[in-house]
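Thanks for sending this over. Here are a few notes to read with the structure open beside you.

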Amino acid sequence: MNYQNLKEKYGTPLYIYDVDLMKDIICKYQNNFKSNQFETELIYASKALNIKAMLRLLMRYNLSLDVVSLGELYTAKMVGFPMEKIYFHGNNKSLEELTYAVKEAVGTIVVDNLMELELLHQITQELKKNVHIYIRLNVGVEAHTHKYIVTAHVDSKFGVLYQGKEYAEMLDLIKQSSYIHLQGFHSHIGSQIFDLAPYDATIKKLVEIIKTFDQPLDINLGGGFGTTYTDADHPIPYEEVSKHLVQTMENELMKQNAHLHKICIEPGRSIVAEAGQTLYTIGGIKQTPNKLYYFIDGGMTDNIRPALYQALYHAEIVGKENQFKNKIVTIAGKCCESGDIIIENILLPEAQRNDLLVTYSTGAYGYSMSSNYNKALTPAVVFVEDGKDELVVKRQSLAELIEREI
């Protein structure tokens, strides 16, 4: 990849995506997430990267879509994404969001709690429209990740506890409703998971639940499949994950003499993370008594994850990848925050002003979580496919930065 050429065309900071790698990962999931006993569905968790170009790519490969806000849903509508293939998540959906989803005939609403179900019941009664739902269950399986990305412990803000009072009341309300139809259950146990055992435990519990119903239901296992950020990460290959989940489900159904309509998974990070890179220009270089800083022209405004939950990344100086790495460096951004650090204590060669630095595996949540803190401009996004680069998100201008201010 010609980083210098990309900088000259689009400037830095710059988000760069390898579309060919994303296509390869999608195909690895699709080709292995199959069963002769029940339907399977691959749903992209779009919070990782929800932009028009990404959604168009998903449509080329016939994926379904997980959205968590009105904005993500609206973006999907604007590119003509099939509404029946959309799953609407969220722990605090508003009246406006739920009404919009019902009117637009979103395929499945993943209901998080009783109050949301009551609101949905009210909306469907008024509009006289049918909706299909999943109930998001907290089955008590914890994956060992950072506390901010674990989503299934008993005190999680997500989902309802199985066998709790709230769960029973939700089932009663569904029975009373003429318009709400229970399609299945959803359970997401966390993110950046490198061990399949928690999924096995989740499958066992969910099969125990669905076998108590008269008709075959769906089970959505969420996502959370690990990806590589540094050499310390050893994710399970995506084709192996896919085959394992299907086989485990088949075996558990046989053990419990249960029937399933469909199994779904929601990879997001694992499709886009490694395909994304962020290109920076090194400005200042500063030696303190204990640290050597390389200052970049971006920072926590284009990648908040290191400050938010100590996410780790690898980086290289463009053109110096094979030079002797004899400097212990802290890569710092330009925000007025001491915590604006992208990477600490990384071994790199000696740098000069205007060198380019690329951080790897930034494709998930970098652009999605970017901000205008310190009035920083949001970087451009470029897709590279078959050796050709295409601008898919324009760099924010100064005029656009303040256009909504009065």
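1. Start with the buried side of α2: V19, M22, K23, I25, I26, Y29 and N32 are the buried residues of this helix. An α-helix has 3.6 residues a turn, so residues three or four places apart point the same way. Please keep in mind throughout that this is a predicted model.

2. Next, a peptide bond to check by eye: T12 and P13 are joined in the cis form, with omega at about -5°. P13 sits in the loop between α1 (3-10) and β1 (14-18). For background, most peptide bonds are trans, and most residues other than glycine have a negative phi.

3. That brings us to N257, a residue other than glycine whose phi is positive, near 55°. You will find N257 in the loop that runs between α9 (238-256) and β10 (260-265). Is N257 buried or exposed? Its relative accessible area is 65%, so N257 counts as exposed, the cut-off being over 50%.

4. K375 also deserves a glance: its phi is positive as well, near 60°, and K375 is not a glycine. The loop between β16 (356-360) and β17 (380-385) holds K375. With a relative accessible area of 44%, K375 is partly exposed.

Technical notes:
Residues are numbered from 1 along each chain as its sequence is written. This is a predicted model: local features need pLDDT of at least 70, side-chain atom pairs count only at pLDDT 80 or more; totals for chains, interfaces and linings use all residues. Side-chain values use heavy atoms; hydrogens and water are left out. Buried means under 20% relative accessible area, exposed over 50%, partly exposed in between (1.4 Å probe, protein chains only). Helices (H or I, at least four residues) and strands (E, at least two) are DSSP runs, numbered from the N terminus.
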